[in-house]
Amino acid sequence: KDEPREPCRAAAAAVRDALNKYDKVVVVAHSQGTIIASNMLDVLWNDLHGDKGKLGKLEVYLFACCADVVDSRGLIFVENFANQHDIVARLGTYAPVDVFQRARRPNGTPQMRLDGDVFLRAAAYG
């Protein structure tokens, strides 16, 4: 991934502060914000050095996710929500997974990997 941009770093700082103050922190992201949220998870993992106690307090809910990777590292609770015919969700959450699972990046990692359960609303549009 590229170096995280300012929106991602700002979000990570706010969530990191909240994780230090509260027992549970909930992040809700929609559409392009799901890309920022995905990158934010990477920044938090690095900044908190994989601190299970803090990262385990985080819940992330993604709506119409268009991120290609959402890595919870098994510590962060993640759920994805999408409408079946939403164009944005078809870029991420509801993409043709069989195609993307077979596709590989130059370093050998899968082209697409999204953690968390997916809740799909059939026959619904964005």
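Residues are numbered from 1 along each chain as its sequence is written, and side-chain values use heavy atoms, with hydrogens and water left out. Because the model is predicted, local features need pLDDT of at least 70 and side-chain atom pairs count only at pLDDT 80 or more, whereas totals for chains, interfaces and linings use all residues.

**Overall composition**

The protein has four helices and six strands, where helices (H or I, at least four residues) and strands (E, at least two) are DSSP runs numbered from the N terminus. From the N terminus on, the order of elements is α-β-α-α-β-β-β-α-β-β. Of the 126 residues, 37% count as buried (under 20% relative accessible area; exposed is over 50%, and partly exposed lies in between; 1.4 Å probe, protein chains only). The protein exposes about 7300 Å², of which carbon and sulfur atoms supply 52%; accessible areas come from the Shrake-Rupley method with a 1.4 Å probe, and for residues only the protein chains shown count as cover.

**The sheet**

An open sheet is formed by four strands in the order E1-E2-E4-E6, with parallel pairing. Strands E1 and E6 (117–121) stand at the edges with a single partner strand each, so one side of each is left without a neighbour in the sheet. From one strand to the next, the twist averages 15 degrees. Two strands count as paired if DSSP finds at least two bridges between them. Two of the pairings are set out below.

| Strand pair | Sense | Bridges |
|---|---|---|
| E1 and E2 | parallel | six bridges |
| E2 (residues 58–63) and E4 (residues 77–83) | parallel | five bridges |

Strand E2 is mostly covered, with five of its six residues buried.

Helix H1 (residues 6–21) packs on the sheet and touches E1 and E2, contact meaning heavy atoms within 4.5 Å. The direction of H1 makes about 155 degrees with that of E1; axes are lines fitted to C-alpha atoms, for helices over the stretch in contact, and angles run from 0 to 180 degrees between N-to-C directions.

Val28 lies in strand E1 (residues 25–30) and is exposed, with a relative accessible area of 58%.
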